[in-house]
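Biologist: I'm new to this one. Could you show it to me and then walk me through it, question by question?

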Amino acid sequence: MEWKGDPIETKNGRVRAPKEVALGIIEGDGIGPEVMGVAKEVVNRAVEKAYEDRSVVWVELLAGKKALREKGTLLPKETIEGIRELKAALKGPLETPVGSGHRSLNVTLRTALDLYANVRPVQYYGAPTPFSRAEEVDFIIFRENTEDVYAGIEWRAGTEEAKKFRNFLLEEFGIEVREDAGIGVKPISEFGSKRIMRRAIQWAVEKGRKRVTIMHKGNIMKFTEGAFREWAYQVAREEFGEYVSIGERRPGRILVDDRIADNMFQQIILRPGEYDVIVTPNLNGDYISDAAAALVGGVGMAAGLNLGDEVALAEPVHGTAPDIAGKGIANPSAAILSGALLLEYIGWKKAAMLIREAIKRAITSGRKTLDLGGNLSTEGFGRAVMEEMENVH
Ligand code: NAP
């Protein structure tokens, strides 16, 4: 990924990131403010230690309850504009009511900014896990972020809209759907499938990854998930022919293959070391990311990056955890690691590496938050990570 923000310095013909980068920050709801405060501090320290002359300027953007309190709306226009302008931001979790109330702010943000790739690296940092082969886990999941059953095309059972759609199916196609059914539509396009696959292979090429596996349920949903598989293979063949080998391992080439979604779940457990980049439609991606995160200690450790062509929004995979909000005990690792992803995105890889290494050292030396069986507070863990940073050379 290359830095696309302003200003770019050019020195000896080489494009370099600026010395001071402005990044947006959304605190979020629930445990958001607690974990994001610590993430910000750790990122600042890592940048200072890695480069001395560089720094991040954080620009607060409002969303969720804080935005409602201060601006009278959950997602002010200025927030979306702000992210677009800054080009990179770190976001805390935002609350979404289940089954009623407002549409997910996360989905609204992803749609408004066309953040079509949700990238979730899953790596082991030494957290306690019932899975005995966690050390072998090192996946990057590329989840398509804008289509599939998440597109928001659905109607509640018994509504006029559901009735209309049922009648349409009956009259046009002779298909009967039960009268008391809620109905959803699953759009998966060639455009959407190809651009996520393109991004996944680009990542694999840039990071020296060895395998890209297409995860789908194309045996059942032939014209959506099956088509996703076909279009993804097309991109591999037609656009990355010199880098990939389809279906069989060849020296120096990235293996591109596919697995049916249910099999993929057992594969990551039975053969964790064999998988690398996994690219998949929206719903599969949501499920497999949490399952994969569980192998290495749960969502408290899982970070994500939402990518568009121009904009990146990093966020922890977990939600607002209302049961522990305000207690100062949440694990800030996922938020800190999301900060590391953002640093990597802007090209400040050394600072990102420092953070990852320090988190690993803190956890393996027993300095952990409660969810991982330790006794540190959110802030205490942040301090432990910054102390460990001093030992990384
Ligand atoms: P959740 O907030 O991720 O919490 C589930 C459970 O995981 C928590 O009750 C807590 O378990 C544990 N947990 C999560 N993050 C943790 C952390 N950093 N440190 C320690 N433990 C952590 O999921 P949810 O309860 O399904 O969702 C709550 C709200 O968050 C909903 O409104 C949902 O829509 C929203 N949400 C937002 C996002 C987002 O903004 N991207 C993502 C997911 C969910 P214990 O019981 O062990 O304390």
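Modeller: Searching the whole structure turns up 31 salt bridges, a salt bridge being a side-chain nitrogen of Lys or Arg within 4 Å of a carboxyl oxygen of Asp or Glu. This is a predicted model, where local features need pLDDT of at least 70 and side-chain atom pairs count only at pLDDT 80 or more, while totals for chains, interfaces and linings use all residues. Residues are numbered from 1 along each chain as its sequence is written, and side-chain values use heavy atoms, with hydrogens and water left out.

Biologist: Which residue forms a salt bridge with aspartate 53?

Modeller: Aspartate 53 sits in the loop between helix H1 (32-51) and strand E4 (55-60), and its partner sits in the loop between strand E2 (14-16) and strand E3 (20-26), so the pair ties together parts 34 residues apart in sequence. Helices (H or I, at least four residues) and strands (E, at least two) are DSSP runs, numbered from the N terminus. The closest N and O atoms are 3.7 Å apart, and the partner is lysine 19.

Biologist: How far apart are N and O in the salt bridge of glutamate 95 and lysine 65?

Modeller: Glutamate 95 is in the loop between strand E5 (88-91) and helix H4 (105-112), while lysine 65 is in helix H2 (residues 65-71), 30 residues apart. Glutamate 95 is partly exposed at 36% relative accessible area, where buried means under 20%, exposed over 50% and partly exposed in between (1.4 Å probe, protein chains only). Lysine 65 is partly exposed too, at 42%. Their side chains meet at an N to O distance of 2.8 Å.

Biologist: And lysine 91 with glutamate 315: are they buried or exposed?

Modeller: Their closest N and O atoms are 2.5 Å apart, in a salt bridge. Lysine 91 lies in strand E5 and glutamate 315 in strand E15 (residues 312-316), so this pair ties together parts that are 224 residues apart in sequence. As for accessibility, lysine 91 and glutamate 315 are both buried.

Biologist: How many salt bridges are there between domain 1 and domain 2?

Modeller: The domain assignment gives domain 1 (1-117 + 299-393), domain 2 (130-145 + 188-295) and domain 3 (148-186), with bounds that come from an automatic or database assignment. The contact (heavy atoms within 4.5 Å) takes 14 residues from domain 1 and 11 residues from domain 2. Between domain 1 and domain 2, the salt bridge count is 3.

Biologist: What area is buried between domain 1 and domain 2?

Modeller: Buried area is the accessible area (1.4 Å probe) that two parts lose on being put together, summed over both. Carbon and sulfur atoms give 49% of it here, and the area is about 1,300 Å².

Biologist: Now glutamate 147: which side chain of opposite charge is nearest?

Modeller: Glutamate 147 is found in the loop between strand E7 (138-144) and strand E8 (154-155). For charge, Lys and Arg count as positive and Asp and Glu as negative, with His and the chain ends not counted. Glutamate 147 is buried yet has no salt bridge, and 6.4 Å away is that nearest side chain, arginine 195.

Biologist: Which residue's side chain does glutamate 147 join in a polar contact?

Modeller: A polar contact is a pair of N or O atoms within 3.5 Å; within protein, one must be able to donate a hydrogen and the other to accept it, and residues adjacent in sequence count only if both atoms are side-chain atoms. Leaving aside neighbours within four places in sequence, glutamate 147 is in contact with residues including Pro187, Gly192 and Asn282. The polar contact spans 2.6 Å, and the partner is serine 189.
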